[in-house]
Amino acid sequence: MKKISLRNPLLLFTTAVVWGVAFVAQSVGMDYVGPFTFNFARCILGALVLVPCMFLLDKLNGKKKNNVLSEAEEEKQEKAKSGLIEKASQIQEHGAGQQTKKTLLPGGICCGAALFVASNLQQFGIRYTSVGKAGFITAMYIILVPVLGIFLKRRAGLRVWCGVALAVAGLYLLCMTDGSSINFGDVLLLLCAFVFAIHILVVDYFSPKVDGVRMSCIQFLVCGLLSGVGMLLTEQVDVSAMLQAWLPITYAGVMSCAVGYTLQIIGQKGMNPTVASLILSFESVVSVLAGWILLGQSLSPREIGGCVLMFAAIILAQLPEREAV
């Protein structure tokens with residue numbers, strides 16, 4: 001079994017905290033601007049913040065790489081009587097670099113397109129529900145990731161299906177508050193959870209093959225540009241309103257986008273996507289606490305019961321299956 005260091009779970013846990021608080025910023029931002037405008041501003045800001053980070057990391061990694069290569073080259077030149085070994089090594093490194101560049105752009109575009117759909121569904125859904133409720137419904141991706149894995153030939157065990165049943169029961173208590181129908185915002189958030197599950201699987205596919213910071217920057221540019229199109233077509237562009245919403249936009253852009261999604265890509269590298277989604281799902285708990293502390297929002301006993309069932313489903317779906325002897 002491949003050993004995963006504590007670094008990856010800590011990065012993903014930090015991401016969950018950042019994302020949980022971001023629900024407050026997203027909710028407050030809706031008081032000033034429309035959903036497309038908010039996501040346009042936050043994603044473009046997130047991409048801009050990552051540009052200097054890329055150059056800084058390149059510089060730091062370049063120094064480390066040069067130190068390692070200098071030691072390796074000395075040893076290689078002593079053993080090599082001709083330049084054949086060095087030339088072959090250079091060709092191999094060049095080929096790997098070209099392959100990474102070819103994968104980076106498609107990876108960033110795919111992640112950005114999925115993020116565009118998911119984040120805007122979430123942003124529209126938040127307009128019709130509380131921060132805590134939005135966080136828990138969005139966390140349904142924790143169930144959907146292993147379920148969608150079936151189509152990728154990853155078998156879902158009995159515990160996963162029991163988790164699905166618990167989640168459905170929890171959603172009924174959480175969403176059917178009037179006893180008749182699901183709120184429109186709840187439907188949007190459920191769709192958002194589905195697309196976020198796809199986003200996690202896409203990140204799982206591309207993250208081991210590319211530089212995480214670069215792919216994160218590309219995905220924000222794609223998401224921001226697509227959101228900009230939606231803003232121009234459906235919303236009134238109001239620069240003064242965006243300036244009034246500078247605080248929630250700044251948090252969502254710098255922390256949720258630049259920091260959170262980049263840590264997700266780096267932290268997911270080498271991890272099982274279902275385990276990664278379990279850690280990320282703690283954003284739902286943080287969102288409830290953040291909504292309570294920062295916005296004074298609360299949930300009814302019925303809705304709290306739904307949250308408990310959903311969280312139980314989240315935990316149950318991630319328990320390891322007993323291996324057959």
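Analyst: Happy to! Let us start with handedness: a crossing is left-handed if the near helix is turned anticlockwise from the far one by less than a right angle, and right-handed if clockwise. Helices here are DSSP runs (H or I, at least four residues; strands are E, at least two), numbered from the N terminus. The crossing of α4 and α7 is right-handed.

User: What kind of model is this, and how are its residues numbered?

Analyst: This is a predicted model, in which local features need pLDDT of at least 70, side-chain atom pairs count only at pLDDT 80 or more, and totals for chains, interfaces and linings use all residues. Residues are numbered from 1 along each chain as its sequence is written, and side-chain values use heavy atoms, with hydrogens and water left out.

User: How should I read the pLDDT of the chain?

Analyst: pLDDT is the predictor's confidence in each residue, from 0 to 100. The chain has an average of 80, and 79% of the residues score at least 70. Residues 84–97 fall below 50, and this stretch has five contacts in the model beyond near neighbours in sequence; contact means heavy atoms within 4.5 Å.

User: At what angle do α4 and α7 cross?

Analyst: Two packed helices are described by the angle between their axes and the distance between the axes. Axes are lines fitted to C-alpha atoms, for helices over the stretch in contact, with angles from 0 to 180 degrees between N-to-C directions. Helix α4 (residues 131–138) and helix α7 (residues 184–206) have axes that come within 8 Å and cross at roughly 40°. They are therefore oblique to each other; under 35 degrees counts as roughly parallel, over 145 as roughly antiparallel, 65 to 115 as roughly perpendicular and the rest as oblique. On α4 the contact is made by Lys133, Ala134, Ile137 and Thr138, and on α7 by Asp186, Leu189, Leu190, Cys192, Ala193 and Phe196.

User: Which residues of α7 and α10 meet?

Analyst: Phe196, His199, Ile200, Val203 and Asp204 of α7 meet Tyr261, Gln264, Ile265 and Gln268 of α10. The two helices pack at about 55° with axes 9 Å apart, and α7 passes α10 in a right-handed crossing.

User: Where does α10 bend?

Analyst: A bend is the angle between axes fitted to the seven residues ending at a residue and the seven starting there. Helix α10 (residues 246–268) bends by about 30° at Ser256. After α10 comes Gly270, with a positive phi near 85°.

User: How far apart are the axes of α1 and α4?

Analyst: Helix α1 (residues 7–29) packs against α4 with axes 9 Å apart, at about 125°. That makes α1 oblique to α4.
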